[in-house]
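Subject: Structure handover

Hello,

Please find the structure below, for you to take over. My notes on it come after.

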Amino acid sequence: MPSRRANPFRWDALVRLTHWGVAAACVANLWFNEAGETWHERLGYLAIILISVRLGWGLSFARGHARLSALIPNRVEFRQQAAALRERTPPAPGHHGSGKLAVWALWLIILATAGSGWFQNTELGFELGADDWHQWCTWALQAMIALHLGAIVYTSWCQRNNLVARMLPTRRRATPARQETHS
C-alpha cells in the first residue's frame, strides 16, 4: 500500500517572497488604503514589480516547479488532480492543473488592476473610463482571492496536507552544539 505521507515540498525563497509581497500589497490596497493615496499607488507599483520579478525568475534561474514552463497545465494533470482529491492522496510537488490556471489568472488580474489604476490617472484613461475598469478589476481580484483561499482550504482538507506550509519560511533545525573534549 502506498504511503499517505506527503512530500515535504517547499517553494524556493524568491517564489515565497514574491507571493507574500504581492499578497500583502493586494490586501493593503483592497482593504486598508484609500484609492488615490500615495501608498495605494506605491503598493500597486510594488505588485507590478514583484510579479515581473517572479516572471523573470520563472523564465531564467528558477528550477523545477517554479519555472514558468512548469505552470502550463495539460489535460492529464486535471484528471490526476480529480483522482488525487477523490482518493485523498497527498499533493504532489508544485501546482496541479487548476492551480496552474489560478496562478496565471491571479497574475493577470493583479496586473490588470494595477495597470488600470495607473491608466485612470492619465488623460486618455480618464476619457476612456479607466476608473470603471479599475473597479471591475478590484472586484475580480477579490473574487479570485476568495476562490484561491477556498481552494487551498478544500485541497488541504481533501489531501490531508497543509498547503500553506509550502509557502512559509523554512524552519531550520537547531543543531546541538559540539561538545569539545579536553585532555
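The notes below go from the whole chain to single residues.

This is a predicted model, in which local features need pLDDT of at least 70 and side-chain atom pairs count only at pLDDT 80 or more, while totals for chains, interfaces and linings use all residues. Residues are numbered from 1 along each chain as its sequence is written, and side-chain values use heavy atoms, with hydrogens and water left out.

Overall

The chain has six helices and zero strands, in the order α-α-α-α-α-α along the sequence. Helices (H or I, at least four residues) and strands (E, at least two) are DSSP runs, numbered from the N terminus. Of the 183 residues in the chain, 34% are buried. Here buried means under 20% relative accessible area, exposed means over 50%, and partly exposed is in between (1.4 Å probe, protein chains only). The chain exposes about 12,600 Å², and carbon and sulfur atoms supply 63% of that area. Accessible areas come from the Shrake-Rupley method with a 1.4 Å probe; for residues, only the protein chains shown count as cover. Among contacts (heavy atoms within 4.5 Å) between residues at least 6 apart in sequence, 69% join residues at least 24 apart.

Helix α2

Helix α2 covers residues 38-59, and its end C-alpha atoms are 32 Å apart, which agrees with the 32 Å that its 22 residues should span at 1.5 Å a residue. The expected span is 1.5 Å times one less than the number of residues. The buried residues in α2 are H40, L43, G44, A47, L50, I51, R54 and G58. Seen down the axis of α2, these residues fall within an arc of 125 degrees, so they line one face of the helix. The arc is that of the directions from the helix axis to the C-beta atoms. Their cover includes α1 (13-31), α4 (97-119) and α6. On the other side of α2, I49 and L59 are exposed. G56 is also in α2 and is partly exposed, with a relative accessible area of 31%. From G56 to R67 the C-alpha distance is 9.6 Å, and the two are 11 residues apart in sequence.

Salt bridge

How many salt bridges does the count come to? The count is one, taking a salt bridge as a side-chain nitrogen of Lys or Arg within 4 Å of a carboxyl oxygen of Asp or Glu. E77 pairs with K100, and their closest N and O atoms are 2.5 Å apart. E77 lies in helix α3 (residues 75-87) and K100 in helix α4, so the pair ties together parts that are 23 residues apart in sequence. Both E77 and K100 are buried.

Surface patch

L124, L128, W133, W136 and W139 form a nonpolar patch on the surface, with about 590 Å² of accessible area together. Patches are made of residues with over 30% relative accessible area and no salt bridge; like charges are joined within 9 Å, and nonpolar side chains (Val, Leu, Ile, Met, Phe, Trp, Tyr) within 5 Å. Helix α6 (residues 130-158) gives the most to this patch, with three residues. W139 is in α6 and counts as exposed, at 51% relative accessibility.

Backbone

Most residues other than glycine have a negative phi. R88, in the loop between α3 and α4, has a positive phi near 60 degrees. R88 is partly exposed at 23% relative accessibility. R160, in the segment after α6, has a positive phi of about 55 degrees and is not a glycine.

Regards
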